[in-house]
Amino acid sequence: MSSFGGLSISFSALSAAQLGMEVVGNNIANVSNPSYSRQTLELQPIRAAGTVTVNPGAGVLTKGIARKIDTFLASRAREATSQYQAASARSEIMTRVEGLYNELGDTGLSSSMDTFFSSLQDLTTNPEDTALRNLVVQQAQTVANIIQDRRTALDDVRKDINAEMRGSVDSINNSLVKIRDLNKQIVSQEAGTDSEASSLRNLRDQELASLADKIDITVYEDLDGSVNIYSGNDYLLSRGSVQGVEIEESIQDGLVIQNLVFSNSKASIPTTGGRLGGLAAARDQDIPKLIADLEQTADIFINEFNKIYSQGQGLESFTSVTSTNRVLPNSLGTNTPLDSASAGLAFPPQNGSFEIQLTDLGTGQTTTAVIQLQLDGSTTGTSLDGAGPPTSIVDQINTAFGSTVASVDGRGRLTIAAPDGVEFNFANDTSGFLAGMGINTFFSGESAGTIGINSAVADNPSLFAASLNGNPGDASNAATLANFQNLTFASTGRVTFGAFYAGTTEKLGSLSAAASAQATVYEASKTSLNSESLSITGVNLDEEAIKLIEYQKAFQAASRHISVVNDMLDEILNLVQ
Amino acid sequence: MTFIPSSGGRVSFPLQQAMNLDNLRVSQNTLSQLSVQMQTGLQLFRPGQDPSGAYRSLTLVSAISANTQYLKNISATNTVLAQTDNAFVSFGDSVSQALEIGLRNSQNTLSDEERSADLAVINSMINDLLSEGNSSYLDRYLFSGQKSGQPFVQDIDGILYTGDNQQLTTLQSSTSLVPFSMKASDSIGTESASGHGDDLSPDIDLNTRLAQFNGGTGVEKGSVAISFNGNSVVVDLSTADDAGDVRSLINSAINASAMSGELAVNLNASGDGFEFVSGIATSASLQIANIGGVNTAADLGIATSTTGYTLNTAGDVFSGRSVDAAVTPTTPLSLLVSGSGLDTTGIQITNGSRSATLSFAGMTTVEELLNAVNASGTGVRAEINSEKNGINIVNVLSGSSYVVSEIQTAAGPPPTYGTTAGQLGVLTTDGSTKLSDFNGGGGVEFGDDRVTTGAFDQNNPTNATSQAIWDSSDIAITLSDSASFPNPIPVDLSGATTFADVQQRIQEAVNNTIPVGAGPAQPWITVSPSPTGQGFLLEDNTGGAGTFSVYEINSSPAGGQLGLTGTAAAGDPTHIYGADRHQGRVVGVLDSLLRLREALMEGDPFAVERATNLLTGDQDQLTEARGVLGARLSVLQLTSDRLTDDNLTLTDTNANIVEADFVEVVSKFQTQQVALQAALQSAGMIMQTSLFDFL
């Protein structure tokens, strides 16, 4: 045993205590960093050299600094956070849409429709009242505006999601590059040692958490300490190779959709996790359902409402009318049946007929002509202006008037212009031709994005077809329209329009509630797992204070030991003098 | 609200921090929500909070909105009806005053001055009522029906009514379209009793639209199942629009099935429906049925009984029922009168100083006929009747007599006439004419009560039975076959109330009499409405050389009052054209007042009495109309009460869904406030204490 052995032992103790205090200091410095994993100093005794039987040891050896972390728990917490981010983003979008709809408020579509139908009822009490007619038009305009605004708003939401998708590409790719670089450093630093590159791993964990917040990832750690990252079945980072993500565009419901895809394989990034996954799910799964409902609502107004409306007559008759819808130009002048896809009508007519009532202003006499539409889905049905047979609509109308009054312009729109001294009305349309072509209709347009009010009626509400028999005091058509909410249609699944529309709101609520409930579940899971993880990785100041005292006392004791050994050596050296 | 489980192990500073932050976030979020609930009074803002609640709330709010509007409609309706009632009161007061004047003047005890004064009052009254009849509310005339413009217009021949019999209607529930105007024809009285046409029983052709079937109610769209000779086929008729489509779709389906060649459908022989014709020689059962509870087959009149209909051989026919097609403006005239086609000779209309002879030759549709009549300027209104099976041509010119008659096609003798008016059922005097309307509303007086048993015996005219019949009769008729009928035949008319009753009485009395010998072939006499539209036409069919005549007996004035008495002209010995004792005048207050005015001007107490009698009827009609109006107001009040109750219930139900319970919300708010305070305090204490404080 060396006389100086004691000094050596104390020196190792001083070094260990000093390092311990540094670890404590670092932990305290990161006490508020939730992504930091606390560190502990790993010590082991130094075995004495030689073969002396009585040997107290050679001091203490600093084995390394270890992170306190349960990697499995941390991984689970990261996944739960990713899932929560997805559900939360989806819920956030649905809540935003609910706000845009404001369906339970006074400005929702339901409330506006109620007001519109009430205005129609008001009109029945005095169908000649111009103010009431104006009110009907205004309320209908409000309904059409809300439908259009909603359609635009849903597209805006989708565009915003597109923008966030697009903006996240660089962020994701940068994270992947950072992680790849950290992988290299960690492998290099940990090579041949038992010690972890704690700081680097903490940094990498932070990047992984950031990445998982955005997209769904699965992380696998290699034996050398590097990690590989997958999303679904495709890799993002594998053995130092970064695939990265990019944007791919497609068309959905009339809008360019920007999707995240793998750079090489071009496969879509899964939407099962991460904020972007949740946004994509909201955009591609939830919003299309709302768009479909909105389009169906618009269709019901444009088609079903107009079918009823077109049976009626206004206070004034037509001297000229041009259809708001049109057949495809390619079908003009041919025997293309009006119920065929080639005719291109959004709401094609069916076999049936309608009446044109011509009134001679000189005599006041009315003549009614029945216009037949022979349509059975075959190629031999009635066309708009073909040579026939069967006789086209244009030819039948011209025959009814006894002169050439009907024509079709190059865009496929039908115009009927009565000769001087003659007015006309329409009635008893069993074919849906008038609604399909947009003649004597109230709502114009072909979709939620284009729905509006027929400009002729908007400009002159006297044309509003409140009457069925043409009498100014008759409002039976307005009464039927006022009761529109209680009517059933094939397109509403044989439930009333009112119930159908309330059902669409319920669907919106269900989508929102489901997203919200999922977010709540994942939040609980995320919070629980994070709590467990934080209980392991987080710094406890009291613990650190105790450790600080421990290292301080160890340092003091070691120093004292050196002093004692020094005194002993002095005594021995004094003997030599 | 998320929940952070307390860790069983160590509690790190970040964990403590996360727990504190989360607890604070949850508490503050809850407080914020409760605060909004307190501020707005609502607990449901977004459908996502309670999707099914949102559904219920929307439907409830819609129902409340609709009910509120129904109440508003009722309020508007009440106002219109109240205004109408005011007008009725004015009419009623005037009629009462006119009755007093009428009664006073029917005694012929007043001086000329007094009568002139009464005449002035009546003149003033007519002007006032003309104004009252044209009263309006919110720029809409109360009595114009669905027409616009003043309904009552002073005319050279009287007062013309330009309105119609349509009513203003509004909604008082989703299924209830109720009228809120009173028909002027049912209250003030604006049209004649004459001119309401007969059922024209139109046939159908291949272009007849299904919407016309079943009196205009149409055909339920759907499919029909046809089984025949062991095979069956289902035919989808939902796209059929007219009878031609039905025939085409059914025949196509049959020909595309195993039944091809065995069965065919066409319009039936009577032209009022469909028929199925067997194409096989053997006997087979035909079954045609509705499918899925949709009444397509029944509405088309082709449904068989469940046991089917047996067709025994090729050519055997199953004929469906009449589809009861409605008359519409586009109905061809050729399909009317059970497919015989309307005689287009035309009609003649005389009304006051106006007249028109309207030929319908060349016309093809009902609409053309209506146009021609309405454009004739004769103070009549032509329209399809409310049953949609006939055409009305009624007088709407109060104060004027009108006659609708046939057009004479040959002067004769005997003269010949078209049959158009008779086919339409618009001859001014016809079977449905009430005898009480004869003689300016004075009616017809009869002799003794009728003897209802036995027959007058030409062989023994003085036996007890014959004598009893003679003694109770009103008129006697001599026939030209004086050998078989040597004695005049007595006809007892007492108790008859309509033109048709008189027809029947005369025909029964004459045709049941016991002749001398076998007598000529029956019927010996035919009584019908005169083609001149003014009374009876009697035709002697016995073919003798005697004189055909009708005369009064037993001092009964009935024969003369019915215009029956007279002798056949030498040039036309078999016909007696009755005298005009029935004027097709408007039945209503204004017409009666105009009659009274005319009677006063002429100083005719009998005419005054007749006008007074008519006014009594008008008063009854006004009273009845006010009763109907009152009943409507009563129903409206009940409906209003029900809707108000419904709205209360609906509002309460909706409130339970969307509105916040203040007691609960405030209680929760206080609890949450305490929880937040505790969380803040505990977090502060925990985060502040550290071992470092003691070093």
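This is a predicted model: local features need pLDDT of at least 70, side-chain atom pairs count only at pLDDT 80 or more; totals for chains, interfaces and linings use all residues.

Residues are numbered from 1 along each chain as its sequence is written, chains are lettered from A and ligands numbered from 1 in the order in which they are written, and side-chain values use heavy atoms, with hydrogens and water left out.

**Salt bridges within a chain**
- Over all chains there are 39 salt bridges (a side-chain nitrogen of Lys or Arg within 4 Å of a carboxyl oxygen of Asp or Glu).
- A:Asp155 pairs with A:Arg151 at 2.9 Å, N to O, and both are buried (under 20% relative accessible area, with exposed over 50% and partly exposed in between, using a 1.4 Å probe and protein chains only).
- A:Arg151, A:Asp155, A:Arg158 and A:Glu295 are linked in a salt-bridge network.
- In chain B, B:Arg585 bridges to B:Asp591 with the closest N and O atoms 3.2 Å apart, and both residues are buried.

**A bridge between chains**
- B:Arg10 forms a salt bridge with A:Glu543, the closest N and O atoms being 2.8 Å apart.
- B:Arg10 is buried, at 17% relative accessible area, while A:Glu543 is partly exposed, at 24%.

**A question to finish**
- Which loop holds B:Glu387? B:Glu387 is in the loop between S16 (380-384) and S17 (391-395) of chain B, both of them strands (E, at least two residues, as DSSP runs numbered from the N terminus).

Methods:
Helices (H or I, at least four residues) and strands (E, at least two) are DSSP runs, numbered from the N terminus.
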